[in-house]
Amino acid sequence: MSDVRSGLGGGSGIFRRKPIEQIEDTSSGEGLQKTLGLWQLTAIGVGGIIGAGIFSLAGSVAHGDPANGVAGVGPAVLISFLIAGIASAAAAFSYAEFAGLIPKAGSAYTYGYAVLGEIVGWFIGWDLLLEYTAIVAVVAIGISGYFNFLVDQIGIDLPAWMLGAPGTEPDGVPPGSYKINLIAVILCLLIAFLLTRGIRSAARFETIVVAIKVAVVLVVIVVGFFYIETGNLTPFAPDGLGGAMSGAALVFFAVFGYDAMSTAAEESKDAQRHMPKAIVYSLLISMILYVLACLVLTGMQDYTQIDPASGFSTAFASVGLGGLGTVIAAGAIIGILTVMFTFMLGVTRVWFAMSRDGLLPQWFAKTHPVRRVPVRVAWIAGVISAVLAGLLPIIEVAELTNIGILLAFVVVCIAVIVLRYRRPDLPRTFRTPGMPVVPAIGVIFSIWLITFLQPETWLRFGAWFVVGMLIYFLYSRHKSVLNRSSE
């Protein structure tokens with residue numbers, strides 16, 4: 001091929017690499033609709049990053065889970081977010097370079113397939129299907145905590161069986177009272193329905209709700225600043241630096257929404273210019289808000305008194321601002337929906353891309369004839385996330401998401417180094433600074449954070465990995481579009 005980009009192809013067997021011209025192929029007639037501009041993409045990115053991390057997970061990690069032996073990191077949760085943000089930023093630059101070079105659905109799956117080979121692409125794609133779906137569940141659980149606070153404030157008593165997953169009953173509630181987190185289940189199905197309406201309508205909803213969410217966070221920061229008590233910030237790191245590191249491994253899931261946003265590259269009007277900017281803008285905006293919000297939360301209330309389910313609402317109620325706490329709860333419910341939207345969008349686009357490539361049945365790649373969105377996978381992802389959200393505690397699901405995303409970051413950071421040296425002549429609209437040091441930092445930080453995750457998380461991920469390998473070698477390897485084209 002005379003086109004320099006065709007050099008991305010190559011390899012053989014399970015390491016065959018997908019050429020750019022095949023990545024861009026939409027000859028099946030199932031292409032996605034290009035409707036997203038820069039600020040819509042940025043809104044999707046901010047929508048994916050800012051959400052349960054501020055409104056739920058920050059309080060949960062600061063407080064800990066003493067009943068299950070999980071120590072709280074206290075005010076050092078601020079450090080946890082900074083550490084996670086540094087690791088995320090190093091990977092974000094790598095994503096930005098790829099997003100400008102390969103503006104197609106699939107994100108890390110597509111990048112890994114093009115640079116490191118089919119088996120790596122499969123592994124990351126299979127990984128992301130689980131992680132993104134689990135993130136939707138985590139966020140739904142976080143919203144339900146604020147919903148329960150809100151209805152309690154207005155004097156409505158909901159039956160215990162619908163308030164949470166089994167075994168998550170708080171003090172004063174008899175064990176076995178909770179049966180399912182019904183609100184979380186309904187929210188997962190609601191977002192799936194929204195995604196089937198078409199990307200234009202869905203993105204419009206996302207942009208409006210992100211604006212509301214950022215406004216709520218700014219109110220929290222500005223008002224809460226005047227109620228900070230320095231005594232609440234001591235001890236700053238009750239579980240030491242190791243506790244802050246463990247916290248970083250847990251909150252990491254809250255600082256990488258841009259990678260799910262990058263799965264929508266194929267629906268961007270000018271992805272090569274807009275995607276890299278949207279990735280950087282969304283992470284920068286979000287990290288500033290995270291750090292300030294964590295300072296306010298742990299400064300307003302002693303970390304041992306923070307409510308893991310609705311931290312900010314209860315913190316404001318504790319200083320006599322219960323009315324504002326109710327407003328925050330309502331804003332949190334609305335705002336966190338955008339995180340669910342971004343990651344369910346991500347899982348459907350990765351699934352769509354893998355199916356279009358033949359690694360999963362192409363039945364899943366069928367799009368709606370008018371709205372041009374993958375309706376089938378949207379409903380399947382909605383149902384699976386609803387089951388997870390309804391039956392599992394937030395901490396277990398959050399840890400499950402992090403191990404896979406961190407491994408995806410490792411692959412993307414390595415791939416951007418490999419591609420820069422293999423094909424330095426490729427036209428890039430964004431170049432990762434400090435090559436190869438910055439992506440190497442992303443690799444090191446990601447692997448380091450993985451070591452802080454619980455052994456149970458590794459076992460669950462290992463089981464998913466084994467299932468994925470069986471599917472690949474029994475089905476995907478033979479059905480792959482690349483394999484059929486080489487026969």
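## Burial and overall fold

Of the 487 residues in this protein, buried ones make up 60%; buried here means under 20% relative accessible area, exposed means over 50%, and partly exposed is in between (1.4 Å probe, protein chains only). This is a predicted model, where local features need pLDDT of at least 70 and side-chain atom pairs count only at pLDDT 80 or more, while totals for chains, interfaces and linings use all residues. Residues are numbered from 1 along each chain as its sequence is written, and side-chain values use heavy atoms, with hydrogens and water left out.

The protein has 18 helices and zero strands. Both are DSSP runs numbered from the N terminus: helices are H or I with at least four residues, strands are E with at least two. Taking contacts (heavy atoms within 4.5 Å) between residues at least 6 apart in sequence, 82% join residues at least 24 apart.

## Confidence

Mean pLDDT, the predictor's confidence in each residue from 0 to 100, comes to 82 for the protein, with 90% of residues at 70 or more. Residues 1–8 have pLDDT below 50, and beyond near neighbours in sequence that stretch has 21 contacts in the model. Residues 25–29 are also below 50, with four contacts beyond near neighbours in sequence. Where pLDDT is low, the predicted coordinates should not be read in detail.

## The nonpolar core

The largest nonpolar core has 155 residues, and Phe252, Tyr258, Phe312 and Met340 have the most contacts inside it. Helix 6 (residues 118–153) supplies the largest share of this core, 19 residues. For the record, a nonpolar core is a set of buried Ala, Val, Leu, Ile, Met, Phe, Trp, Tyr and Cys residues joined through side-chain atoms within 4.5 Å.

Helix 13 (residues 322–356) runs for 35 residues and reaches 51 Å from its first C-alpha to its last, close to the 51 Å expected at 1.5 Å a residue. The expected span is 1.5 Å times one less than the number of residues. Helix 13 is mostly covered, with 29 of its 35 residues buried. After helix 13 comes glycine 358, which has a positive phi near 85°.

Helix 9 (residues 240–251) has twelve residues, which should span 16 Å at 1.5 Å a residue; its end C-alpha atoms sit 17 Å apart, which agrees. Buried residues in helix 9 include Gly243, Ala244, Met245 and Gly247, along with Ala248, Ala249, Leu250 and Val251.

## Aromatic pairs

There are 20 aromatic pairs in the structure. Rings of Phe, Tyr and Trp (its six-membered ring) pair if their centres lie within 6.5 Å; planes under 30 degrees apart count as stacked, over 60 as edge-to-face and the rest as tilted. Tyrosine 109 and tyrosine 113 make a tilted pair because their planes are at 55°, with ring centres 5.8 Å apart. These two tyrosines are four residues apart in helix 5 (residues 108–115), so about one helical turn separates them. An α-helix has 3.6 residues a turn, so residues three or four places apart point the same way. Tyrosine 109 is buried at 0% relative accessible area, and tyrosine 113 counts as buried at 2%.

Elsewhere, ring pairs link Tyr95, Phe98, Tyr111, Tyr258 and Phe409 into a cluster. Tyr258 also turns up among the residues with the most contacts inside the largest nonpolar core.

Tyrosine 281 lies in helix 11 (residues 271–300) and is partly exposed, at 33% relative accessible area. Not counting residues up to four places away in sequence, tyrosine 281 touches Leu38, Trp39 and Thr42.

Tyrosine 178 is in the loop between helix 6 and helix 7 (182–195), and counts as buried at 10% relative accessibility. Tyrosine 178 and methionine 162 are 16 residues apart in sequence, with their C-alpha atoms 6.5 Å apart in space.

## Cis prolines and cysteines

Threonine 234 and proline 235 are joined by a cis peptide bond, omega about -5°; proline 235 sits in the loop between helix 8 (199–225) and helix 9. The peptide bond from methionine 435 to proline 436 is cis too, with omega near 0°, and proline 436 falls in the loop between helix 15 (394–422) and helix 16 (437–450).

As for disulfides (pairs of cysteine sulfur atoms within 2.5 Å), a search of the whole structure finds zero. Cysteine 188 counts as buried at 0% relative accessibility, and cysteine 294 does at 2%.
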